[in-house]
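Below are my notes on the model, as numbered points. Please read them beside the coordinates.

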Amino acid sequence: MANDTIKKTLTVAVLLCIVCSVLVSTAAVKLKPLQEKNKALSTKKNILQAAGLMEEGKNIDQLFKKIQVKIVDLASGEFDDSIDAAKYDQKAAAKDPARSIQIPADQNIAKIGRRAKKAPVFLVQEEGKLKTIILPIHGKGLWSTMYAFLALEGDANTVKGFTFYDQGETPGLGGEVDNPLWKKQWVGKKIFDKDWNLAVEILKGRVNLQKPEAIHQADGLSGATLTTVGVNNLMHYWLSDNGFGKFLSRIRNQGGGNG
Ligand SMILES: Cc1cc2nc3c(=O)[nH]c(=O)nc-3n(C[C@H](O)[C@H](O)[C@H](O)COP(=O)(O)O)c2cc1C
């Protein structure tokens with residue numbers, strides 16, 4: 001067949017497409033288990049970081065053995081041990097009408113629309129005492145849904161760490177939620193006031209550390225007010241009784257203290 005015929009050009013183009021698509025789909029199928037394994041490892045690493053348990057160079061699966069995963073029924077705040085926590089997929093549950101709820105418009109401050117009825121929590125116990133509670137929380141920023149782990153001490157009030165592990169805000173602006181310095185300011189902050197009202201607040205601008213309410217406040221992200229408002233709202237949603245509030249009050253009534 002001569003090289004400059006339409007038939008030969010089309011034949012070569014079609015064959016090339018078939019070969020390339022086989023190569024791409026084979027790579028996608030073969031690499032999927034590896035991608036899933038890496039994603040699971042990355043999630044574990046972020047949970048360990050929020051809890052202050054990450055040690056660089058150490059085996060993540062080994063470190064994660066300190067963490068117990070349990071499922072919480074958000075309506076009651078009780079554990080649901082009938083669900084295999086290791087296999088529970090909260091995102092998939094949020095899309096399943098039988099396993100999720102539509103959030104009423106006046107409560108939808110995190111702008112997520114639906115949420116799963118049950119959520120995983122990650123617990124660290126030492127000598128029979130609850131040391132750390134890590135909560136997965138999420139909500140809309142300016143451009144993206146932002147996913148974070150918030151670690152609290154055993155008092156269910158004092159922040160131990162706060163890590164955004166998946167967000168699509170603008171690097172240098174809203175993306176600064178991932179800045180280690182911004183995250184560090186959260187350590188030691190209190191979510192609730194002495195009467196156990198939700199008191200955490202992110203300011204537009206800087207916190208005046210001389211004021212007593214500074215213990216509940218964090219600096220806003222400069223040039224990124226909309227992302228800041230999103231973070232404030234998602235914290236308020238998930239820490240209220242519409243999110244983990246009932247679970248947290250159950251924990252403190254079982255021995256935690258406000259201190
Ligand atoms: C290209 C571009 C990207 C932006 N990204 C963000 C962002 O990620 N988060 C955010 O809150 N604002 C972002 N903004 C700014 C918002 O449009 C808005 O001006 C800002 O939130 C107001 O914050 P300020 O009052 O702190 O200046 C972006 C603006 C531009 C032009």
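1. β7 and β8 form a hairpin with five residues between them, and A156 in the turn has a positive phi of about 60°. Strand β7 covers residues 145–153 and runs antiparallel to β8, joined to it by six bridges. Within this pairing F149 stands opposite T163 of β8. Strands are DSSP runs of E, at least two residues long, and helices are runs of H or I of at least four, both numbered from the N terminus; two strands pair if DSSP finds at least two bridges between them.

2. The model is predicted: local features need pLDDT of at least 70 and side-chain atom pairs pLDDT 80 or more, while totals for chains, interfaces and linings use all residues. Residues are numbered from 1 along each chain as its sequence is written.

3. Strand β8 (159–166) is mostly covered, with six of its eight residues buried. Buried means 20 or more other C-beta atoms within 10 Å of the residue's own, exposed 12 or fewer, and partly exposed in between, with C-beta atoms placed from the backbone.

4. In helix α6 (245–253) the buried residues are G245, F247, L248 and I251. They fall within an arc of 160° seen down the axis, so they line one face of the helix; the arc is taken over the directions from the helix axis to the C-beta atoms. Their cover includes β1, β5, β6 and α5, where contact means C-beta atoms, placed from the backbone, within 7 Å.

5. D4 lies in the segment before α1 (6–50). D4 is exposed because 7 other C-beta atoms lie within 10 Å. Its C-alpha atom is separated from that of R252 by 80 Å.

Technical notes
Two residues are in contact if their C-beta atoms, placed from the backbone, lie within 7 Å.
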